[in-house]
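Hi everyone, thanks for coming. I'd like to walk you through one structure today, starting with its backbone and ending at its ligand. Here it is on the screen.

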Amino acid sequence: MDLKVIHLEEIKDERGSLVFAETQKEIPFDIKRIYYIFGVENSKRRGYHAHKKLEQVFILISGECKILFEDNKEKKIIHFNNPAEALYVGPGIWREMYGFSKDAVLLVLASLHYSEDDYIRDYDEFKKFVDKKEK
Ligand code: TYD
């Protein structure tokens, strides 16, 4: 699956921690957009889509949550709880985010501006998209 854990450097001293990431260094694309998700009730699930071209990096700035990822071969559940660990997510991956703690803030860095045309929101359409990509 086109997922890659990115270990970010944490500069830690008696004042606390600082973590950084730079375009074309830790982040393997030019960042065109950022967005963040917070205030999600623990019982709520979001996502339910894949992207055709978009590349993303997910960073859980605070709290914890889980994300289920799926491509045409496998499913993976990743438990996010470390703000110094980022996850690169390539195109063609279905995702469902859930299990948010009250203090969870999920930051997403994106390679493209927002475009609804890049979304695949129908699961069967996603399956067809990734099967076709494989051939
Ligand atoms: P969506 O990506 O569907 O959220 P999630 O995957 O967390 O369930 O986005 C929710 C709404 O926000 C949807 O109407 C599209 C809009 N939106 C933007 O306008 N710009 C953005 O950059 C993003 C990510 C979403």
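Before I point at anything, a word on how I name the pieces: strands are DSSP runs of E, at least two residues each, and they are numbered from the N terminus. Please also keep in mind that this is a predicted model.

Find the loop between β3 (16–19) and β4; that is where Q24 sits. Phi of Q24 is near 65 degrees, a positive value in a residue other than glycine. Y48 is another residue other than glycine with a positive phi, near 55 degrees. Y48, though, is in strand β5. Is Y48 buried, partly exposed or exposed? Its relative accessibility is 36%, so Y48 counts as partly exposed.

Now to the inside. In soluble globular proteins, nonpolar side chains tend to be buried together. Here the largest nonpolar core has 17 residues, and the members touching the most others are F58, I67, F69, F80, V89, F100 and L106. Which strands supply at least two residues each? They are β6 (56–62), β7 (65–70), β9 (85–89) and β11 (105–110). Of these, β7 gives the most, with three residues. There is also another core lying apart from this one, made of 10 residues, including I6, I27, F29 and Y88.

Leaving out residues up to four places away in sequence, L106 touches Y35, Y36, I37, F58, I59, L60, I67, M97 and F100.

The residues around the ligand are R33, Y35, I37, R46, G47, H49, M97, Y114, Y119 and R121. By class, that shell has five nonpolar, two polar and three charged residues. β4 (33–38) and β5 (46–51) each contribute at least two residues to the shell.

For the side chain of Y119, the distance from a ligand oxygen to an N or O atom is 2.7 Å, and for the side chain of R121 it is 2.9 Å. How much of the ligand does the protein bury? Taken alone, the ligand exposes 530 Å², and the protein buries 61% of that.

How values were computed
Residues numbered from 1 in each chain as written. Predicted model: local features only at pLDDT ≥ 70, side-chain atom pairs only at ≥ 80, totals over all residues. Heavy atoms only, no water. Near = heavy atom within 4 Å. Polar contact = N/O pair within 3.5 Å; in protein donor to acceptor, adjacent residues only side chain to side chain. Areas by Shrake-Rupley, 256 points an atom, 1.4 Å probe, with all protein chains shown as cover. Helix = DSSP H or I, 4+ residues; strand = E, 2+ residues; numbered from the N terminus. Nonpolar A, V, L, I, M, F, W, Y, C, P; charged D, E, K, R; others polar. Core = buried A, V, L, I, M, F, W, Y, C linked by side-chain atoms within 4.5 Å. Buried < 20%, exposed > 50% of the residue type's maximum accessible area, 1.4 Å probe, protein only. Contact = heavy atoms within 4.5 Å.
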